[in-house]
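The following report describes a single protein chain. Please consult the sequence and the model displayed below while reading.

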Amino acid sequence: AWGASSGDLASLLATARAGNGAMAISACFATPLFQLLAGAGCSLLYVGMLRGNIAITIHSNLPAMFAFAIGLLLFLSFVVPLYYKYHFKRQLGYILLFLFVCYAILLFCTGFGILVLV
């Protein structure tokens, strides 16, 4: 996954350095979201056309992780820009990296059964 994102990282950095920070931020969220929705949508459509009904098993921790991710995204989309008056500083980057590491550790622990949510 990291290797697939390196091209996105390079293009987002180039876009931000060119003075288009808002475009880089929107592309940061839009590109993975589009890839997820288009990839899952096309795959499920194809399998659904071949087999009819599709049974998907949802892991018990998935709703809690999804709620955490959505809550964090809403917080970062609405509260943080208002607090910083749409002028972001390096400190915010460190905070976002810290939140990402916390989310990754939480996802790792729930995925391997070390931590059970809900």
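Is C28 buried, partly exposed or exposed? C28 counts as partly exposed, at 39% relative accessibility; buried means under 20% relative accessible area, exposed means over 50%, and partly exposed lies in between, with a 1.4 Å probe and protein chains only.

## Basis of the model

This is a predicted model, in which local features need pLDDT of at least 70 and side-chain atom pairs count only at pLDDT 80 or more, while totals for chains, interfaces and linings use all residues. Residues are numbered from 1 along each chain as its sequence is written, and side-chain values use heavy atoms, with hydrogens and water left out.

## Overall architecture

The chain contains 4 helices and 0 strands, and its pattern along the sequence is α-α-α-α. The radius of gyration is 17 Å, well over the 13 Å that the globule rule gives for 118 residues, so the chain is more spread out than a compact globule. Here the radius is taken over C-alpha atoms, and the globule rule is 2.2 Å times the number of residues to the power 0.38. Helices (H or I, at least four residues) and strands (E, at least two) are DSSP runs numbered from the N terminus.

Along its principal axes, the C-alpha trace spans about 50 × 35 × 25 Å. Of the 118 residues, 8% are buried. The chain exposes about 9,500 Å², of which carbon and sulfur atoms supply 74%; accessible areas come from the Shrake-Rupley method with a 1.4 Å probe, and for residues only the protein chains shown count as cover. Contact means heavy atoms within 4.5 Å. Among contacts between residues at least 6 apart in sequence, 48% join residues at least 24 apart.

## Cysteines

The count of disulfides is 0, a disulfide being a pair of cysteine sulfur atoms within 2.5 Å. For C28, the closest cysteine sulfur belongs to C102 and lies 18 Å away, too far for a bond. For C102, the closest cysteine sulfur is that of C109, at 11 Å, which is also too far for a bond. C102 is partly exposed, with a relative accessible area of 33%.

## Nonpolar surface patch

A nonpolar surface patch of about 1,200 Å² is formed by I25, F29, F66, I70, L73, L74, F75, F78, V79, L82, Y86 and F88. Patches consist of residues with over 30% relative accessible area and no salt bridge, with like charges joined within 9 Å and nonpolar side chains (Val, Leu, Ile, Met, Phe, Trp, Tyr) joined within 5 Å. A salt bridge is a side-chain nitrogen of Lys or Arg within 4 Å of a carboxyl oxygen of Asp or Glu.

Helices α2 (21–51) and α3 (62–83) each supply at least two residues of this patch, and α3 gives the most, with 8 residues. One of the patch residues is L73, which is placed in helix α3 and is partly exposed at a relative accessible area of 34%.

P81 is found in helix α3 and counts as buried, at 6% relative accessibility. Leaving aside neighbours within four places in sequence, P81 is in contact with L76, Y86 and F88. P81 and L45 are 36 residues apart in sequence, and their C-alpha atoms are 37 Å apart in space.

K85 is exposed, with a relative accessible area of 62%, and Y86 is exposed, with a relative accessible area of 55%.

## Helix α1

L13 lies in helix α1 (residues 2–17) and is partly exposed, with a relative accessible area of 39%. Between L13 and V101 there are 88 residues of separation in sequence, and the C-alpha to C-alpha distance is 20 Å.
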